[in-house]
Amino acid sequence: MPRIVVDVMLKPEILDPQGKAIVGALPRLGFTAFPSVRQGKRFELFVDGEVTEEILAQARQAAETMLSNPVIEDVVNIEVVAD
Amino acid sequence: MTETPLIGGAFQAPVDSRLAGARIGVVTFPGTLDDRDAVRAVRLSGATAVELWHADTALADVDAVIIPGGFSYGDYLRAGAISRFAPLMAQIIDAANSDAKLPVLGICNGFQILTEAHLLPGSMIKNDHLKFLCRDQVLRVENNATAWTNAYAAGQDITVPLKNQDGQYIADEKTLDALEAEGRVAFRYVGRNPNGSRRNIAGISNAAGNVVGLMPHPEHAVETGYGPAHTGTDGLGFITSVLNTLLGDK
């Protein structure tokens with residue numbers, strides 16, 4: 001079933017407490033190459049049949065109005081994945 | 001009222017038909033926790049509490065609305081993000097923005113719902129220390145001219161419980177400056193900032209002053225014997241304030 005992938009990240013200027021906790025834990029496992037981590041969200045919107053322009057437009061609108069909060073987050077990627 | 005009723009026990013609210021004529025709605029969403037306490041706070045003040053359900057499509061002639069705390073929809077997506085699209089929220093948003101200026105109070109998750117609904121600016125993210133925090137919290141009343149704060153003195157310190165994990169209030173600098181300039185910071189944390197909130201902001205109002213949101217819980221500080229330090233009833237002022245507003249005493 002084809003799906004539309006939406007990636008949402010906290011805006012760069014917003015401190016990411018979860019990312020900070022992860023970056024603090026990584027060196028304990030020997031992963032020392034990553035001075036910074038930011039955690040985001042990935043949504044997969046499944047589509048029955050073909051992904052038309054109209055359906056893609058709906059996905060974009062859903063991403064901006066519900067899947068993300070524009071006060072704190074950016075929609076950084078929307079792409080169609082056809083399996 | 002001469003005697004303090006037990007929590008959960010029968011109690012006699014002050015009988016005053018003027019107060020009882022004020023209908024204050026309390027909205028329950030799936031996952032709301034503090035609706036019963038909010039209803040009780042309303043009844044203790046002598047007003048009539050009206051229980052509202054998120055899927056309702058009408059406001060049942062209420063004169064004011066409280067959106068209580070909890071974890072509506074399990075905080076899935078973002079705290080308050082799914083509740084914000086409940087059928088009843090459309091009615092609340094319209095009524096709050098209308099000329100009638102329906103008084104709306106959002107407590108904790110209710111505050112998060114109001115920011116998601118764009119009735120209040122900014123947003124809440126995870127506490128800077130990443131932990132759930134529960135404690136009695138001193139707040140300073142910065143603006144006592146709103147529908148929900150007029151029973152307090154400006155600059156008064158009140159103590160109410162605070163309990164949350166996503167309590168860090170954030171907004172961009174321009175929004176924060178505007179809130180300060182317009183006197184829309186309703187409450188500020190006194191002492192150590194409990195969650196990293198910008199400018200120690202605990203609660204804010206909209207421009208008209210009818211919509212107020214805060215993270216701490218006034219509805220848990222309304223009965224002697226059960227509030228902060230076992231005696232605190234500082235939270236009752238919220239209900240007294242809205243009754244002042246509705247009954248035209250202020």
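Two residues are taken to be in contact if their C-beta atoms, placed from the backbone, lie within 7 Å. By this criterion, in the predicted model described here, residues 24 or more positions apart account for 72% of the contacts in chain A with a separation of 6 or more. For chain B, 74% of the contacts between residues at least 6 apart in sequence join residues at least 24 apart.

Chain A contains 2 helices and 3 strands, and from the N terminus its elements follow the order β-α-β-α-β. Its radius of gyration is 16 Å, whereas a compact globule of 83 residues would have a value near 12 Å. The C-alpha trace of chain A extends over about 45 × 30 × 15 Å along its principal axes. Of the 83 residues in this chain, 16% are buried.

The 3 strands of chain A form an open sheet in the order β2-β1-β3, with antiparallel pairing. Strands β2 (40-46) and β3 of chain A lie at the edges and have a single partner strand each, so one side of each lacks a neighbour in the sheet. From one strand to the next, the twist averages 20°. Strand β1 (residues 3-10) of chain A is joined to β2(A) by 7 bridges, and the two run antiparallel. Within β2(A), Phe43(A) is the residue that stands opposite Val6(A).

The loop of chain A between α2 (53-67) and β3 (73-81) contains Pro70(A). This proline counts as exposed because it has 12 C-beta neighbours inside 10 Å, the cut-off for an exposed residue being 12 or fewer.

Chain B comprises 6 helices and 11 strands. Its radius of gyration of 17 Å is close to the 18 Å that the globule rule gives for 250 residues, so chain B is as compact as a globular protein of that length. Along the principal axes, the C-alpha trace of chain B spans about 45 × 40 × 35 Å.

Helix α2 (residues 35-44) of chain B is largely enclosed by the rest of the structure, because 8 of its 10 residues are buried. The buried positions of α2(B) are Asp35(B), Asp37(B), Ala38(B), Val39(B), Arg40(B), Ala41(B), Val42(B) and Leu44(B). The cover over these residues includes β1 (23-28), β2 (48-53), β3 (64-67) and α6 (236-247) of chain B. After α2(B) comes Gly46(B), which has a positive phi near 95°.

In soluble globular proteins, nonpolar side chains tend to be buried together. The largest nonpolar core in the model has 69 residues, and those with the most contacts inside it are Ile24(B), Val42(B), Val65(B) and Val104(B). Helix α2(B) supplies the largest share of this core, 5 residues. Apart from its neighbours within four places in sequence, Val42(B) is in contact with Ile24(B), Val26(B), Ala47(B), Ala49(B) and Ile239(B). A second, separate core has 6 residues, among them Val8(A), Ala59(A), Ala63(A) and Leu67(A).

Strand β11 (residues 211-214) of chain B is covered on both faces: Val211(B) and Gly213(B) are buried on one side, and Val212(B) and Leu214(B) are buried on the other. This strand pairs in the parallel sense with β4 (residues 104-107) of chain B over 4 bridges, and Leu214(B) of β11(B) stands opposite Ile107(B). Strand β10 (residues 201-205) of chain B runs antiparallel to β11(B) and is joined to it by 3 bridges. Here Leu214(B) is the bridge partner of Gly203(B). The hairpin of β10(B) and β11(B) has 5 residues between the strands, and Gly209(B) in this hairpin takes a positive phi near 85°.

At the interface between the two chains, 10 residues of chain B are in contact with 8 residues of chain A. The side of chain B that touches chain A consists of 4 nonpolar, 2 polar and 4 charged residues.

Note on methods:
Residues are numbered from 1 along each chain as its sequence is written. Chains are lettered from A and ligands numbered from 1 in the order in which they are written. This is a predicted model: local features need pLDDT of at least 70, side-chain atom pairs count only at pLDDT 80 or more; totals for chains, interfaces and linings use all residues. Ala, Val, Leu, Ile, Met, Phe, Trp, Tyr, Cys and Pro count as nonpolar, Asp, Glu, Lys and Arg as charged, and the others, Gly among them, as polar. A residue is buried if 20 or more other C-beta atoms lie within 10 Å of its own, exposed if 12 or fewer, and partly exposed in between; C-beta atoms are placed from the backbone. Two strands pair if DSSP finds at least two bridges between them. Axes are lines fitted to C-alpha atoms, for helices over the stretch in contact, and angles run from 0 to 180 degrees between N-to-C directions. The radius of gyration is taken over C-alpha atoms; the globule rule is 2.2 Å times the number of residues to the power 0.38. A nonpolar core is a set of buried Ala, Val, Leu, Ile, Met, Phe, Trp, Tyr and Cys residues joined through C-beta atoms within 7 Å.
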